[in-house]
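User: Hi there! Please take me through this model, and tell me which cut-off stands behind each term you use.

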Amino acid sequence: MSGRMPVLFAGHGSPLYAIQDNVWSRGFRGLADLVPKPRAIVMVSAHWFTEGTFITGHEKPPTIHDFGGFPRELYEVQYPAPGDVELALRVRELVGEDRAELSHEWGFDHGAWSVLRWMYPKADVPVVQLSIDRNLSVPKHFELARSLASLREEDVLIMGSGNVTHNLRDLMMRSQTGDTSIPDWAKNFDEQLKEILITRDTKALLELWPASSDARRSHPTPDHFLPIVYTYAVTDAQDTVRFPVQGFDQSASMRAIMYQ
């Protein structure tokens with residue numbers, strides 16, 4: 001340990017994993033054992049993809065069920081972790097008050113709570129979500145995220161939640177046909193990203209999407225990719241990377257990434 005809080009990215013997969021006991025939910029549970037318990041969490045979820053940059057600014061953020069067609073049990077899940085208004089203001093200060101606003105119109109989406117309810121089931125760690133501005137380039141996202149790096153020295157866990165590969169149309173097709181094979185484009189992109197993170201090739205990461213057909217098929221839209229950029233951006237050469245969860249759920253890479 002360097003004295004700084006580690007950084008985590010979780011591949012969250014299907015919303016169902018919030019209520020199922022399987023290899024992925026057990027992997028989420030295990031992430032909490034790898035880091036000191038933080039005083040608060042700043043979460044960047046693929047599912048808050050916005051026009052502009054926003055930060056949840058309420059004391060009791062609601063649990064958002066941002067999906068359809070799932071069992072009633074899933075819609076009954078509540079994750080009553082508190083917000084942290086002081087931390088939200090601190091995040092806005094670091095990002096730049098002219099570049100971000102506090103929001104009371106969002107809460108914890110399933111990209112956040114489907115993982116956190118396994119990591120911290122008592123919901124006793126305050127959480128602030130940071131949105132992803134769809135209008136920024138990948139380098140601009142990296143620059144914005146870099147401004148948050150000092151939070152690691154304030155006992156704040158910076159987390160991202162998305163998937164290393166995420167092609168929803170392909171996932172739905174495979175679910176309908178029962179095809180459990182892993183396509184080459186997903187394997188190739190997953191391995192390419194892994195190598196980039198191990199070698200800390202920042203230039204390659206910022207140019208990775210949408211430069212190749214593998215990248216475009218792995219991420220038809222960048223929402224599930226950008227949390228990876230946010231978490232990498234708050235690390236530096238002192239950090240080493242490891243992958244506490246690996247494997248595929250159909251064409252979705254469930255790789256988790258930890259920097260310490």
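Analyst: Happy to! Two strands are said to pair if DSSP finds at least two bridges between them; helices (H or I, at least four residues) and strands (E, at least two) are themselves DSSP runs, numbered from the N terminus. The model is predicted, so local features need pLDDT of at least 70 and side-chain atom pairs count only at pLDDT 80 or more, while totals for chains, interfaces and linings use all residues. Residues are numbered from 1 along each chain as its sequence is written, and side-chain values use heavy atoms, with hydrogens and water left out.

User: What makes E1 and E10 a pair?

Analyst: Three bridges join E1 to strand E10 (residues 256-259), and pairing asks for at least two, so the label applies. The two strands run antiparallel, and Val 7 has Tyr 259 in E10 as its bridge partner.

User: Why is strand E1 (residues 7-11) described as largely enclosed?

Analyst: Buried means under 20% relative accessible area (exposed is over 50%, partly exposed in between, with a 1.4 Å probe and protein chains only). Five of the five residues of E1 are buried, so the strand is largely enclosed by the rest of the structure. Side chains in a regular strand alternate between the two faces of the sheet. In E1, Val 7, Phe 9 and Gly 11 point one way and Leu 8 and Ala 10 the other.

User: What makes E5 mostly covered?

Analyst: Seven of the seven residues of E5 are buried. On one side these are Val 127, Gln 129, Ser 131 and Asp 133, and on the other Val 128, Leu 130 and Ile 132. E5 pairs with strand E2 (residues 40-50) in the parallel sense over six bridges, with Thr 50 opposite Asp 133.

User: Why does Ser 131 count as buried?

Analyst: Ser 131, in strand E5 (residues 127-133), has 0% relative accessibility, and so it counts as buried.

User: Which side chain joins that of His 141 in a polar contact of 2.8 Å?

Analyst: The partner is Tyr 230. His 141 sits in helix H5 (residues 138-146) and, with a relative accessible area of 0%, is buried. A polar atom of its side chain lies 3.4 Å from the backbone oxygen of Leu 136. Tyr 230 is one of the buried residues of H10, and in that helix (residues 226-233) eight of eight residues are buried.

User: What about Ser 253, buried or exposed?

Analyst: Ser 253, in strand E9 (residues 252-253), counts as buried at 1% relative accessibility. A polar atom of its side chain lies 3.4 Å from the backbone nitrogen of Arg 255.

User: What is the volume of the largest pocket, and which residues lie nearest its centre?

Analyst: On a 1 Å grid over the protein atoms alone, a pocket is an open set of points with protein on both sides within 12 Å along at least five of seven lines, whereas in a cavity a 1.4 Å probe fits but cannot get out; lining residues have an atom within 4 Å of a point. Grid points are joined across faces, edges and corners, and the volume is the space filled by probe spheres set on them. The largest pocket comes to about 530 Å³. Its lining has 21 residues, with Ser 14, Pro 15, Phe 70, Leu 168 and Leu 171 nearest the centre. Helix H6 (residues 168-177) gives the most to that lining, five residues.

How values were computed. Polar contact = N/O pair within 3.5 Å; in protein donor to acceptor, adjacent residues only side chain to side chain.
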